[in-house]
Amino acid sequence: MAAATVLSLDSLPSDPLLLILSFLDFRDLVSCSLVSRRLTELTGHNPLWKRLCQKHWLLTEADKGQRGQSWRELFHDFYVDFGRYIDYYSTLKKAWDDLKSYLGQKCPRMIASLKEGAKEDELDAIEAQIGCKLPNDYRCSYRIHNGQKLVVPGLMGSMSLSNHYRSEDLLDIETAAGGFQQRKGMKQCLPLTFCFHTGLSQYMALESTEGRTRSEIFYHCPDQLAQDPSAIDMFITGSSFTEWFTSYVQNVVTGEYPIIRDQIFRYVHDKKCVATTDNITVSVSTSFLPELSSVHPPHFFFTYRIRIEMAKSALPESACQLDSRYWKITNANGNVEEVRGPGVVGEFPVMTPGKVHEYASCTTFSTTSEYMEGHYTFHRLKNKGEVFDVSIPRFHMVCPPFRESMARSNSNGGTSNWRKATKYTLMAINHCH
């Protein structure tokens, strides 16, 4: 009987072993390197570390050539510097790279306002100063860019109406620490953004206290009906820094948030919200303004931007002028209001082939949502007796999720109001869709 063949790592060919090792993460590769001399040799194979450098640190051949290091050495150096952020670094670095690439084409002056990344010991010093730990994803992003210089326009978006302007800067860590809140109602909250014109900020909760969840991001909204100044409601804008920042960047780089006059405007456009009548197309985008809204009393303020465009292919005799508008407004309770009036915001635009007319208006309502639809009435320039209607597509405005103040909830039966508010907001969202 022939003797059984004994296999060992030393006798196995390298290619299948390297293939197996290519499925391992860096921690497993390090562990394998301690098993035997053969595995120590194989786990040092540069293509294995190239994949990991690309996955975790987004490094390229150009980065490797510039540094003159092996892939394994590159991984080691980045891990020493950013290892605690390895779960966040690639996501946040890609977001920053995508944002800078887009802004470099659309509004390059905003790139100049970005600050270099903070150092690790600077973030440690801020934690010691405020007495709270910063979330790791926030720290990671600030290692890449320490916010922006205090300039206008702000990186985190603008909004403009006839008598109202908002533009939010992404605060650097030192300025943010100066605005760290310890007062009742806003304990352990760090400002992320700031608007010079309105004083508006988005805050991040650094501790789970006063009804907030750690890392939650929100606009604060004082309860105007409460006598207690610590009764502060919240319009919630994110569950974590990563989710908040990457979703914002996604809206910017996909064109969801338009660039207008070299600024990012936070209008949201539903791609279904377009209607074409003959040669005229009407589309609508909307935006919620937390600084002009409140939960108590219920007062929700929206602005909407309308684009009216006549097709370039339209015949010259199609030229027309807008005479009037008609709106049908339905709130979350099903109540309907109808509005008729001359022109649009005091204007009577003339439409010719290829002409675009845009304007912004606003509305307020006391339920958490409403939708609007209607039509414009035009007449032909060559024949004023030829009058026709152009449809305005139905567009929805839904208040973001909000949470009532613990101070108010505690005085009205515990958390019942918070549950009612959350349920009501979700019902309104479902109603609109």
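Which side chain does the side chain of Tyr-359 make a polar contact with?

Mentor: That would be Tyr-376: the two side chains make a polar contact at 2.5 Å. Keep in mind that this is a predicted model, so every number here is computed from predicted coordinates.

Tyr-359 sits in strand S19, which runs over residues 356–365. Is Tyr-359 buried or exposed? Its relative accessibility is 6%, and buried means under 20%, so Tyr-359 counts as buried.

Leaving out residues up to four places away in sequence, Tyr-359 touches Tyr-304, Arg-305, Ile-306 and Ile-308, along with Trp-327, Val-344, Val-345 and Tyr-376.

Among contacts between residues at least 6 apart in sequence, 61% join residues at least 24 apart.

You'll find Glu-168 in the loop between strand S4 (164–167) and strand S5 (169–170). With a relative accessible area of 0%, Glu-168 is buried. Its side chain makes polar contacts with the side chain of Thr-193 at 2.6 Å and with that of Arg-266 at 2.9 Å. Again setting aside residues up to four places away in sequence, the residues Glu-168 touches include Gln-148, Met-156, Cys-195, Gln-202 and Tyr-219, as well as Thr-193 and Arg-266 themselves.

Stepping back to the whole chain, the secondary structure comes to 13 helices and 22 strands. The radius of gyration is 28 Å, well over the 22 Å that the globule rule gives for 433 residues, so the chain is more spread out than a compact globule. Along the principal axes, the C-alpha atoms fill a box of roughly 105 × 60 × 55 Å. Even so, 48% of the 433 residues count as buried. The accessible surface comes to about 21100 Å², with carbon and sulfur atoms accounting for 52% of that. As for charge, there are 47 positive and 48 negative ones, and their mean positions lie 1 Å apart.

Conventions. Residues are numbered from 1 along each chain as its sequence is written. This is a predicted model: local features need pLDDT of at least 70, side-chain atom pairs count only at pLDDT 80 or more; totals for chains, interfaces and linings use all residues. Side-chain values use heavy atoms; hydrogens and water are left out. Helices (H or I, at least four residues) and strands (E, at least two) are DSSP runs, numbered from the N terminus. The radius of gyration is taken over C-alpha atoms; the globule rule is 2.2 Å times the number of residues to the power 0.38. Buried means under 20% relative accessible area, exposed over 50%, partly exposed in between (1.4 Å probe, protein chains only). Contact means heavy atoms within 4.5 Å. Accessible areas come from the Shrake-Rupley method with a 1.4 Å probe; for residues, only the protein chains shown count as cover. Lys and Arg count as positive and Asp and Glu as negative; His and the chain ends are not counted. The place of a charge is taken as NZ of Lys, CZ of Arg, CG of Asp or CD of Glu. A polar contact is a pair of N or O atoms within 3.5 Å; within protein, one must be able to donate a hydrogen and the other to accept it, and residues adjacent in sequence count only if both atoms are side-chain atoms.
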